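Good morning, and thank you for joining. I shall go through the sheet, the helix across it and the nonpolar cores; please look at the structure as I speak.

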Amino acid sequence: MLPTDYNKKRAYEIFKIFFQYHEPKKTIVEIDCENLDFITLHSILSSTFEIENEVGKINFDDLINCPLPAITFLHINGGRFVVLKEITGEYVTWNSPQYGEQKNSMNLFKKIYSGLILVPLVL
């Protein structure tokens, strides 16, 4: 598989999970992307799905106030984009194509959280 095809597939899978939790639901279309990074994900969410969003750095302690679903990057097995589903004072639930739905304690999640996040803007 060519890198571009791999990135298209990964982006498609991330957005498929994202729209399991996001309202309103959107129909996932083929996604055209050469790179899989925050800027590309931001652009696709804005232009293809018409959802305003921001990419930025959020301190771990401020995650509990983050609008969900959100997309973040975790330092696991070389790094993975995942969709954050739920954040409480005790745990974080996230989902990814590679690992499915996972529920981590706050202590474990803090160790793998990159600090970078893409969040939909609540208007």
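Here we have an open sheet of six strands, in the order E1-E6-E2-E3-E4-E5, with antiparallel pairing. Its edge strands, which each pair on one side only, are E1 (53–57) and E5 (100–105). Strands here are DSSP runs of E, at least two residues, and helices are runs of H or I, at least four residues, numbered from the N terminus; two strands pair if DSSP finds at least two bridges between them.

This is a predicted model, in which local features need pLDDT of at least 70 and side-chain atom pairs count only at pLDDT 80 or more, while totals for chains, interfaces and linings use all residues. Residues are numbered from 1 along each chain as its sequence is written, and side-chain values use heavy atoms, with hydrogens and water left out.

Within the sheet, E2 (residues 70–74) and E6 (residues 113–120) pair in the antiparallel sense over three bridges. Ile71 has Leu118 in E6 as its bridge partner.

What does Ile71 touch, not counting residues up to four places away in sequence? Its contacts (heavy atoms within 4.5 Å) include Phe15, Phe38, Leu41, Phe81 and Leu116.

Ile71 also belongs to the largest nonpolar core, of 19 residues, where Phe15, Phe19, Leu45, Phe49 and Ile71 touch the most other members. Such a core is a set of buried Ala, Val, Leu, Ile, Met, Phe, Trp, Tyr and Cys residues joined through side-chain atoms within 4.5 Å, buried being under 20% relative accessible area with a 1.4 Å probe, protein chains only. Helix H1 provides the largest share of this core, six residues.

Conventions: Buried < 20%, exposed > 50% of the residue type's maximum accessible area, 1.4 Å probe, protein only.
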